[in-house]
Amino acid sequence: MNRWRVRHISTRGLLYGGALLLVLQAAFPFFWMVSTSFKPPTEVFAQPPSFIPQDATWDNFHRLFTTTNFLTYFWNSLIVSGLAVLLTMVVSAAGAYSLTRYRYPGREQIAVLILCTYMFAPIMVVIPFFILVKKVGIENTHFALVLALTSFCLPFTLWLLRAFFQTIPIELEEAAMVDGAGRLRAVIYVVLPLALPGIIATSIFTFILAWNDFIFTRILIAADELKTLPVGVQDLFHSALTDWGLIMGAGVMITIPALLFFMTVQRYLIRGWGAGAVKG
Amino acid sequence: MPSNQAPPVGRSRRQMVMGLLTIAPALLLILGLILYPVTYSIWLSLLEKHSFFPQERFIGLENFVYLWSDSEFWTSFWLGVVYSFWTILFQLILGVAAALVLNESFVGRGLVRGIVLFPYMIPTIVAVILWKWLLNDTYGVVNYWLLALGIVRDPISFLGTEHIMLSTIVMSVWQFFPFVLLSVLARLQTIPEELYEAAKVDGATPVRRFLHITLPQIRGILFVVILLRSIWMFTKFDTVWLMGEGAGAGRYIRTLPVYAYMRTLTYYQAGLGAAIAVIMFAILIVSTVIYFGLFREEADIG
C-alpha cells in the first residue's frame, strides 16, 4: 500500500513537472518579448539582463506609432484579413452547402479535387502567381492579395465547413420547407444557426492564416503604404537592426490580435482539428 | 448526410443547376488561382523568362539540365532534407510526449493546453524576431545563461554559419510541434479508458501500455500527421527565409523553397525558379505515392 502511494505521488510529480516544462518553453519567449518592449534602450542591453523592467516605459510603443509606418501596416492587415475572411466564408459556405445538399454528377470528384489542393504549399503557387498577376496588371493591389489569400484558404475552409454541414440533419430543412418556407429561408433560419459554431471557428482560422501570411504579401505588394504587418515588420527589422526594444514592441502589437482570436477559438480547436483544420 | 431515396426527375434537374451554381464560385477560384498557376508553372519551367519583363523564349528542358549540374541546387536539396528530417523527428517526439502529458487530468489542464498551442498561432515573423533576440550573440538571454552557468566560456554565435541550421531547427520545432500535439491529443481522447484499466489489472508497466495500447491506436493519425508535416516542412518558406534571407549565414539554411524564390526574385530567372518549384512538386508526389505504398495498412486506418 505504502509503495503504491509513493509511486502514485512520483507519477503525479512527473506529470506536473512535464506540464511546467511545457508551459515554460512556450511562454518564456513571449514573456521575454513583453519585458524587452517595456525597457528603455540602456536597459535592453544591460548585463545581467533584468527580467522585470526596472524603468518600465511606453517609449518603444510611442516611437513605433510615431516614427514608423506601423499603424498603416496594422490597418492594412485588418482590412486585408477582414476582406479575405468575408469572401472566403461566403464562397465556402455556398460551396459546402452545395457539396452536402445537392446531388449532381461530379460532386464527389470536386470534393476530392479540393482535398488535393489542400496539400499545395504556397511556394508552388506564388511564382507563377507573381508572373500572372503582372500580366493582368493587378500587382501591388489589395484586391490581388485578398483573392490570393482567399483561394489559398478555400480548400481547407470548404473541407471544414463540409464536415460541419454534414452533421446537420437534412430532415430539419426539409421539415421547414414542407411547412412552406422557401429554401433560402430554410437555410437562413435552420441551417446557418446550427452551423454557427463551425462558421465562427472557420472564419477565425481563416483570419489567423491571413493575418500571419508573409509570402503572398511579399510577392504581390511592393508599395510601403500597402504592406501588411508581417512584411512591414520584416522591413522595420532591417532598418532598425539593433533597436530591439522597438522591434519587440512591434512583436507585442502583432501578437495581441492573434492572442485575442486564439482565446475565442480555443474551445473549438479540438473539434475542428478532427476535421483537419489548421495548415502551416 | 443526404437522404437515400432518389429525388423526382423534375427536381433532379433543378438540384443539378442549383448545386453547380453554389459550388461555382469556389470551384472557379480554386481552378483559376491555384490549379491554373500550378499548371502554368510547368509551362514557365520550359521558358527562359525574366521575372519583370514580358520577353520569353521557349528552351525546352534546358532549365532542368542546368539544375542537374548546378551544385547550389543539390546543396539546397540536401539542406532541405536535413531541415525536414530533424524538424519532423523532434516535432513527433515532443508532440506525442506532450499529448500524453495533456491527456492526463490535472489542475489547470485547459490553461496549459492553451499556452502550449499558442506558438503555432502566431505569425512566423514574430517567432523569428523572438528567437533572433533570445539567441543574439552579444545580448541574448540564452548566451547569458550559458555563460553564467559556466557551460561555455565564450558566447555562441547561434545565427552564424556553424549553428544557424541548428537554431532554425530548434525554432521550427518550437513553432510547429503543437500541431502534432493537438492532432494526437484529439485521437488519444477517443481511446476507451477500459483498455488501460484491463492492462493495469494485468500488471502492464506504463511503457508496455504505451507500446501495446496507445501506439496502435494513434498509428492512423500519426500516418496523416507525418504526411502533412513532411509536405509542409519540405516546402516551408517563410520561417527559413526570415531566419537567413538566403545570404551570409543564410546560405547554410538555403533550402529548395528559398532557392526557388531567390532564382525568381533575386536573379530574376522566373523560368529557373518555376523549374525548381516543379521539381519540388514532383518529389512530393513521388514520395507521397511511395509513402502510401509502404504504409498501406495505416493508410486504411487513417
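Helix α3 (residues 71–103) of chain B packs against helix α9 (residues 206–234) of chain B at an angle of about 140°, and the axes sit 9 Å apart. Here helices are DSSP runs of H or I with at least four residues, strands are E runs of at least two, and both are numbered from the N terminus. The axes are lines fitted to C-alpha atoms over the stretch in contact, with angles running from 0 to 180 degrees between N-to-C directions. On the α3(B) side, the touching residues are G80(B), S84(B), T87(B), I88(B) and Q91(B), and α9(B) brings I226(B), R229(B), S230(B), M233(B) and F234(B); residues are in contact if their C-beta atoms, placed from the backbone, lie within 7 Å.

This is a predicted model, where local features need pLDDT of at least 70 and side-chain atom pairs pLDDT 80 or more, while totals for chains, interfaces and linings use all residues. Residues are numbered from 1 along each chain as its sequence is written, with chains lettered from A and ligands numbered from 1 in the order in which they are written.

As for the whole chain, chain B comes to 13 helices and 2 strands. Its radius of gyration (over C-alpha atoms) is 24 Å, well over the 19 Å that the globule rule (2.2 Å times the number of residues to the power 0.38) gives for 302 residues, so chain B is more spread out than a compact globule. The C-alpha atoms fill a box of roughly 80 × 75 × 35 Å along the principal axes.

Chain B also meets a partner: 66 of its residues are in contact with 75 residues of chain A. Helix α1 (residues 9–44) of chain B gives the most to that side, with 20 residues.

Definitions and conventions:
Contact = placed C-beta atoms within 7 Å.
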